[in-house]
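User: I am new to this structure. Please show me how to read its features, one at a time.

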Amino acid sequence: LFYEEAVKHKTARRLDKISERRKAGDHLDDDKELQEWMKQNVRQTKEITFQLDEPAAAKVAAALRKELGSDESDLAKLVASFMQMSDANFDARYALFYDQIAPHLVLYRIPVGETMTIRGVTAGGYPTSVNVKVYGTFRFKSLEGSVFAGVVNVMDLMSFRDLYGMMTADREAELETMRDESGVKELNRATAEDDLFGGGDEDDGGSAVVQPTAQTATGFDEFAGIDMAAGALRFRDTLVDRVYSQDEVDGGVVRNAAVILHDIGDIDVAREHIEQVIADGGLKLRVATWQQASGNLGKFIDVIQIVLLAAILGIFLVATVIINNAMIMATIERTREIGTMRAIGAQRRLILWMFVVESIVLGVVFGAIGCGVGGGVVWWLHEVGIPAVNDTLVFVFGGQRLYPSMSATGLAISMIMVVAITVVSTLYPAWMATHVTPVEAMQEKE
């Protein structure tokens with residue numbers, strides 16, 4: 001995704017996105033974003049015309065005149081008219097663009113097989129860069145439409161080590177050879193001031209200051225006798241064309257390693273074992289869960305979980321209020337019946353248990369019905385999936401669709417929570433019922 005967005009020809013990329021959106025069900029004639037992309041293609045015709053030499057321009061102009069049925073000779077006007085697309089002609093013009101125009105354009109500024117310069121910061125904090133070869137592009141399965149996942153790119157391990165400032169044995173040897181040839185030696189801290197400013201010599205524990213290797217009419221030239229262009233090419237070829245041995249790959253430095261578990265429930269046990277291995281080996285490593293290692297992304301997942309839990313809590317609070325109100329109304333309607341039972345000797349405890357048992361029965365019966373219906377819906381969604389309507393949901397879902405699942409434990413917990421909420425909601429109405437006296441009940445009117 002990043003390669004397409006950042007490296008591909010802008011007009012071609014916009015046409016690709018319009019095509020993708022139309023396949024998803026959007027329409028160019030009424031979607032404002034698609035229309036804006038089309039307008040940008042119309043305005044930015046020079047992105048095409050400036051890349052065409054005379055023979056290519058003649059071929060493209062002939063193809064466009066045939067498609068448009070026009071006698072226009074101005075290539076820029078032909079391209080602008082061609083980019084005025086609608087749902088009726090988009091597919092045909094999209095195909096024509098790649099058949100007749102794209103072959104004459106530089107579709108990718110850095111094509112596969114070429115080198116590009118990657119810049120970064122070493123472990124010591126100074127900027128560095130490395131030339132790497134573009135071996136190809138790859139797609140995250142089901143995550144290609146996600147901007148979050150699409151900005152992640154893969155670099156070969158050895159180039160990453162160079163970028164991070166880790167030198168191979170060959171480069172260390174080369175650096176040592178350069179030091180020997182230039183006469184540079186390490187300075188002794190005790191005599192560094194004398195060595196640098198003229199108070200010592202080579203025999204007193206200091207070192208010789210580097211002498212100028214070349215003098216010019218205007219002074220010392222540090223680059224005299226050095227072919228910088230040849231050196232740059234040699235450095236590039238060394239990085240790109242070198243074949244690393246397996247020992248060099250396996251024995252180098254890595255920043256981190258991921259441990260993938262078969263069962264996420266084993267994460268605490270696995271972490272304890274890894275920490276024990278680190279302690280026994282005296283290794284300077286730190287163990288982190290995937291959420292800790294992912295930084296802000298892990299916090300984003302926590303936020304989603306909090307939102308979902310808050311939504312569930314809100315649903316249960318609403319259910320509690322509704323059940324409570326229903327039971328209060330039922331208690332008021334049965335005031336005379338409760339009073340009659342009290343008059344013939346029913347104790348308050350019996351009245352309380354009647355309401356509690358009634359709420360348990362209602363909770364079990366209708367909770368089972370609700371779990372059955374909910375389980376059926378989840379099973380159906382597991383088969384068809386919940387579509388992700390935007391890039392953020394693609395990333396959150398881990399793909400284009402979310403396939404929810406259920407377990408017996410989850411159903412049992414849901415059932416218990418429904419019954420518990422029903423019983424809790426009934427306690428206050430039941431308490432009201434136990435305080436109804438026979439005299440009050442007999443005075444109630446029908």
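User: Which side chain does K8 meet in a salt bridge?

Analyst: This is a predicted model, where local features need pLDDT of at least 70, side-chain atom pairs count only at pLDDT 80 or more, and totals for chains, interfaces and linings use all residues. Residues are numbered from 1 along each chain as its sequence is written, and side-chain values use heavy atoms, with hydrogens and water left out. A salt bridge is a side-chain nitrogen of Lys or Arg within 4 Å of a carboxyl oxygen of Asp or Glu. Here K8 meets the side chain of E4, at 3.6 Å from N to O.

User: Are K8 and E4 buried or exposed?

Analyst: Buried means under 20% relative accessible area, exposed over 50%, and partly exposed in between (1.4 Å probe, protein chains only). Both K8 and E4 are buried. Now take the salt bridge between R43 and E36, at 3.3 Å from N to O. R43 is exposed, with a relative accessible area of 53%. E36 is partly exposed, at 35%.

User: How many salt bridges are there in the whole structure?

Analyst: A search finds 13. One of them joins R22 to D91, with the closest N and O atoms 2.9 Å apart. R22 lies in helix α2 and D91 in helix α7, so this pair ties together parts 69 residues apart in sequence. R21, D26, D31 and E33 are linked in a network of salt bridges.

User: Which residues of helix α7 are buried?

Analyst: Helices (H or I, at least four residues) and strands (E, at least two) are DSSP runs, numbered from the N terminus. An α-helix has 3.6 residues a turn, so residues three or four places apart point the same way. In α7, residues 90-101, the buried ones are F90, R93, Y94, L96, F97 and I101. They cover an arc of only 165° around the axis (taken from the directions from the helix axis to the C-beta atoms), which puts them on the same side of α7.

User: What do the buried residues of α7 pack against?

Analyst: Contact means heavy atoms within 4.5 Å. The buried residues of α7 pack against α2, α4, α5 and α6.

User: How many bridges join strand β1 to strand β2?

Analyst: Two strands pair if DSSP finds at least two bridges between them. Seven bridges join β1 (residues 115-121) to β2 (residues 127-133), and the strands run antiparallel. I118 stands opposite V130.
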